Amino acid sequence: MSQLPINELTLHRWLRTHYYPDLRLHGSQYSSYDAWSYEFRIQVELKVRATHYDELILEKLKYDSLIRLADMNNLRPVYICATPRGVWEFNLRTIPLNWVIMDNLPKTTYWDANAPIAKTVALLPISEAKRLGEASNARQGGVMYANR
């Protein structure tokens, strides 16, 4: 990948350029999902992490809302997370999730004034993800979706 997305907006632009040309942002930073594509039939949660981990956190509240909306709109729920080592796409219909409660997590990603709180999360191993940004899968709409 030529340049790492540094926030959800630049990740969205990168995805539109390389994978999902019709990917639309929701428009509200308080939405329970970030974007959707009717062409590729996906409802998407976008996340950018400053540090790479081999397991990426997905909050249960975000997951539940994403699943509900994807079901209502007949779309696939997808979590896309950028780290300094790449962009990882998870089809949430195909990954087994184990929910755990983690203490001392920041209430939000970007604001430092928040006291740490406990959250119910799943740890998504990047081995279960499609790694985007490799020459072999650009412009194929996240090849993990054989039929659109």
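**View 1. W14 and Y19 in the predicted model.** Both W14 and Y19 are buried, a term for a relative accessible area under 20%, with exposed being over 50% and partly exposed in between (1.4 Å probe, protein chains only). This is a predicted model in which local features need pLDDT of at least 70 and side-chain atom pairs count only at pLDDT 80 or more, whereas totals for chains, interfaces and linings use all residues. Residues are numbered from 1 along each chain as its sequence is written, and side-chain values use heavy atoms, with hydrogens and water left out. The structure contains six aromatic pairs (rings of Phe, Tyr and Trp, the latter by its six-membered ring, with centres within 6.5 Å; planes under 30 degrees apart are stacked, over 60 edge-to-face and the rest tilted). The W14 and Y19 ring centres are 5.5 Å apart with planes at 50°, so this pair is tilted. Ring pairs join W14, Y19, Y20 and F40 in a cluster.

**View 2. The tilted aromatic pair of Y79 and F90.** The separation is 6.0 Å centre to centre, with 35° between the planes. Y79 belongs to strand β5 (residues 76–83) and F90 to strand β6 (residues 86–91), so the pair ties together parts eleven residues apart in sequence; strands are DSSP runs of E, at least two residues, numbered from the N terminus. Y79 and F90 are both buried.

View 3. I126 is buried, at 15% relative accessible area. Its C-alpha atom is 5.6 Å from that of D54, 72 residues away along the chain. Leaving aside residues up to four places away in sequence, I126 contacts (heavy atoms within 4.5 Å) H52, Y53, D54, L56, W88 and F90.

How values were computed
Helix = DSSP H or I, 4+ residues; strand = E, 2+ residues; numbered from the N terminus.
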